[in-house]
Amino acid sequence: MTTVELGMPDAPTPIDAAIARSLEQHGPKVTELKGKDFKTDQEVRWCPGCGDYVILNAVQSFLPSLGIAREDMVIVSGIGCSSRFPYYMNTYGMHSIHGRAPAIATGLAAARPDLSVWVVTGDGDALSIGGNHLIHALRRNVDMTILLFNNRIYGLTKGQYSPTSEVGKVTKSTPMGSLDHPFNPVSLALGADATFVGRAMDSDRKGLTDVLRQAAEHKGTSLVEIYQNCNIFNDGAFELLKDPATGPMWTIPLEHGKPLVFGPDGASCVVREDFGGLRIAETNQVDASEIVVHDATREDPSYAFALSRLSSQDLRYTPMGVFRKVQKPSYEAMMSEQLDEARLQGPGDLDALLAGGDTWTVSA
Amino acid sequence: MTGPNPTVAPSESNGALATTVSSSAPGGLVKSVVELDRVVIRLAGDSGDGMQLTGNRFTSETASFGNDLKTLPNFPAEIRAPTGTLPGVSSFQLQFADHDVMTPGDAPDVLVAMNPAALKANLGELPGGGLLILDSDEFTPRNLAKVGYATNPIEDGSLEGWQTVSVPLTSMTTDALKDSGLGKKEAERSKNMFTLGLLSWMYHRPTEGTIRFLERQFRRKPEIAAANIAAFRAGYNYGDTTEAFAVSYEIKPAPMKPGRYRNISGNQALALGLVAAGQRSGLPIFLGAYPITPASDILHELSRHKAFGVRTFQAEDEIAGIGAALGASFGGALGITTTSGPGVALKAETIGLAVMTELPLVIVDVQRGGPSTGLPTKTEQSDLLQAMFGRNGEAPIPVIAPRSPGDCFDAAVEAARIALTYRTPVMLLSDGYLANGAEPWAIPEAASLPDLAPGVAFATEPNGEDGEFLPYLRDPETLARAWAIPGTAGMQHRIGGLEKADKTGNISYDPANHDFMTRTRQAKIDGIAASIPLTDVEDPDGDARVAVIGWGSTYGPIGAAARRIRSSGRKVAQIHLRHINPFPSDLGEVLARYDRVICPEMNLGQLSLLLRAKYLVDVQSHTQVRGLPFRAAELAAVIQDAIDSTTASLNGAQQ
């Protein structure tokens, strides 16, 4: 009887073999790339002026610095304008179905811990139809980076209010104003105990790149909320923060280890309040020791949550940067450990498995 | 219905053959041993009485003794309905014999009723003269009142039509355990083991396996193990010494093909088949699943086999379960999701995505009564049309079905073969009866199983004329697309749910391309017929005029009915489908040969609809949706009616 040794840990699996053949064909994995190496031949089909172009550009420009081979990167998206993203990236990609990208990416990351898995989603995709998958991906801490493009509107279906639209939003589906309260995606993610949560602005190349880099380097699930302007259906949604005249007044830049002082001439700051909350104060009215020094690595998410609650629906006092970055074992790594542990006694023996339990023999 | 009932030969549920052999037992009691060719026992009690465990243990003893057998567990969806009430009754039926049996039996020969509710719920199915064993301790005024007995049936003469043996099972159990240190309530819980001991004596079952099982099961609670073993032995010894049972029964082992056997349930066999498929394809298995009755045991079983590289993921919902499985398939694993009908409804959109992305995926639907939540613990075959058509757009997928618990193993391997070879989601339709039912299974050698590795040929080099990779370039024979996995350099590509351009896989809204791709996806599934066997027709004489066609778990009852028909001197052909989409390529011609085609199903005629639509054959549908398998006698009557009326009309036509 020939023993079939497929699937054993020491024997190459078809996956290992395919990658080995590709290495033979193409030589060592290429990691010294330029931004243009991540472009595809597909025409980008977002509306002219869309914030998505800026994000695509920023991602393509910074990816080479991560040193990940294109073939080791997979971008999974759902449905919506943002979810066309994978088509424009010269990596592996799946443009899946509405809301399900985190679930699909979870299976991929769990089955292939060697890959760099990314999810690109939007406020409708991630927070409405896919809300359940998002929170569960975050609590499991599967190693993947989720980019949530938040334009506070449904663009691809032509302008209905979204789960991040402000109350009273007048749209085609809410002619008298929307009634439901919006999600704050950062608060939601922290509520799900996400290990990495950040926020950035589409037009702020430097800030966006910085948060993306930290997110990509984080082991576990990273969620980056990217404020993205939809110039067709919700133009100017983030103008308060983008306008050089008002932006500095209402933006709280988060820098690990730095006091939370912001506004023109550092006039405003963040101080502690009762019940573990935070509040905005005038810097010259408080003692320097009362000003909160930002610490993204706090195990307890309450502080990061309190930070996320500083901003209101109209975007005043919006913290931008990394809210939380803590280390926790990632799901797929723990799954692999269980498999390794199960194989301590040797790989599975199919004949022994099939003949498990009470057996009897009928002789000829 | 016309004509006499078929005469019954040694088979399924009527008139077992008995021979009495005298013997003596210890204590000078003369006890006789009767040899039977088969027996059907039904154990019934409260959900909390442990009837399923008792039934499973008796089954294991019976299997290891060498009888052929089939089982039918039947329990409520509530974990513990109010004690002693009719909705709380749980039962377990098995038929075992000295010959091969195809069903758990139409009706029991022996009914064990642990309380008045169990008696009331099951007595109607015990034929007159059948053996009825009752726990007299439970027939208290309170328990009788709960189920509406005005008087105690043990005393009011209403059970005179049966051989009733009323035994104080509960108090004999507590007496046997009075020195065990257990409280009365705790000791009472061992009454199922006392009963098992009694039955083990009655049917000459080997007892070592049960003792080993109890030691293993309660190894952390040795006092409970000891009490259960003591109760089991006390029940056995009670049978041996009491005058209440003067007869015990012997059922010789059934002749089976030489080989090694084990007892196996459908869910267990299905899980092992999936592990085997992983080993024989060389691909890691990834199961994404959400708990659902009656499919959860497959998740439980697979989660124990991590040493085989099996990854199991208990998802947040049904959609995430299949999504994760599809993601794993994209990464080069064999993605699997297991569920029941309501779960398939939720997974529909992702199945469509798998059709569009043309990735391998196995979807296991352990069907249960529907619609909606329906009958979670009962069996039905009503998801066939959902499996075939339950998606938006033209989204064909292969559909296959196992015919018996052990056959779930082979069906799982076959589902994986099709999924991998043709890069397609495959629907495997099991059902509650197969899932929980058990039978002896000839253990295959791993090396004798189909080699699935040829289906796994990852693309590692560009296949386009200009040195590019074309993910939708197809194998000319199977029409399977090229499958390149992440990690392979130079093969980066994007797939998704939007319509694909032929070859490149780029987004395409071109009318001609959509028409072409829609037809190509259909042609790929239709083409699977080239890789499956021709229609398997069971017709011993080869000249039957009436055929009966079925799929899935009805194989047993239809087969048992066909045997009855043949033993009555009539002829019938049995056709049972493993592959429902696509059908075997000659099925149309085969069906056209018969004057009548009957199709029994546990739905309202779903396969009939497909056969009529595809082959324009006047299929006569016979259906039932009682949450239980067909009775062989009922099917035999239907078939006989068809044969006799066909013969009559043919004679009429000749005159």
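Q: Which residues of helix α19 (residues 606-615) of chain B are buried?
A: In this predicted model, in which local features need pLDDT of at least 70, side-chain atom pairs count only at pLDDT 80 or more, and totals for chains, interfaces and linings use all residues, the buried residues of α19(B) are Q606(B), L607(B), S608(B), L610(B) and L611(B). Residues are numbered from 1 along each chain as its sequence is written, while chains are lettered from A and ligands numbered from 1 in the order in which they are written. The buried residues of α19(B) pack against α13 (384-389), β20 (546-551), α18 (587-592), β23 (596-601) and β24 (620-623) of chain B, and just after the helix L616(B) takes a positive phi of about 50°.

Q: With which residues is G327(B) in contact, leaving aside its neighbours within four places in sequence?
A: Its partners are I104(A), A105(A), T106(A), G107(A) and L108(A), where contact requires C-beta atoms within 7 Å. The C-alpha atoms of G327(B) and S64(B), 263 residues apart along the chain, are separated by 42 Å.

Q: What makes strand β5 (residues 196-201) of chain A largely enclosed by the rest of the structure?
A: Six of the six residues of β5(A) are buried, and therefore the strand is largely enclosed. Both of its faces are covered, with F196(A), G198(A) and A200(A) buried on one side and V197(A), R199(A) and M201(A) buried on the other.

Q: How many bridges join β5(A) to strand β6 (residues 221-227) of chain A?
A: Six bridges join these two strands, which run parallel, and two strands pair if DSSP finds at least two bridges between them. Within this pairing, R199(A) has E225(A) of β6(A) as its bridge partner.

Q: Why are helix α7 and helix α8 of chain B described as roughly antiparallel?
A: Angles under 35 degrees count as roughly parallel, over 145 as roughly antiparallel, 65 to 115 as roughly perpendicular and the rest as oblique. Helix α7 (residues 208-217) and helix α8 (residues 222-241) of chain B pack at about 160°, with their axes 8 Å apart, and are therefore roughly antiparallel. Their contact brings T210(B), I211(B), L214(B) and E215(B) of α7(B) together with A225(B), N228(B), I229(B) and F232(B) of α8(B).

Q: Why are helices α2 and α7 of chain A called oblique?
A: Helix α2 (residues 51-62) and helix α7 (residues 205-217) of chain A pack at an angle of about 55°, with their axes 10 Å apart, and are therefore classed as oblique to each other. On the side of α2(A), the residues that meet the partner helix are A58(A), V59(A) and F62(A), whereas α7(A) contributes R205(A), L208(A), T209(A), L212(A) and R213(A).

Q: Why do β4 (68-74) and β8 (163-167) of chain B stand at the edges of their sheet?
A: The open sheet is formed by six strands of chain B in the order β4-β5-β3-β6-β7-β8, with mixed pairing. Each of β4(B) and β8(B) has a single partner strand, so one side of each is left without a neighbour in the sheet. From one strand to the next, the twist averages 15°.

Q: Which way does β4(B) run relative to strand β5 (residues 89-97) of chain B?
A: The two strands run antiparallel and are joined by seven bridges, and in β5(B) the partner of K70(B) is Q95(B). Helix α1 (residues 51-65) of chain B lies across β3 (38-46), β4 and β5 of that chain, running at about 10° to β5(B).

Q: How many residues does each chain bring to the contact between chain A and chain B?
A: Chain A provides 66 residues and chain B provides 74 residues. Among the elements that each supply at least two residues of the chain A side are α1 (14-26), β2 (92-95) and β12 (359-362). Four bridges join β12(A) to strand β10 (residues 259-265) of chain B, the two running antiparallel, and W360(A) stands opposite Y261(B) in β10(B).

Definitions and conventions
Axes are lines fitted to C-alpha atoms, for helices over the stretch in contact, and angles run from 0 to 180 degrees between N-to-C directions. Two residues are in contact if their C-beta atoms, placed from the backbone, lie within 7 Å. A residue is buried if 20 or more other C-beta atoms lie within 10 Å of its own, exposed if 12 or fewer, and partly exposed in between; C-beta atoms are placed from the backbone.
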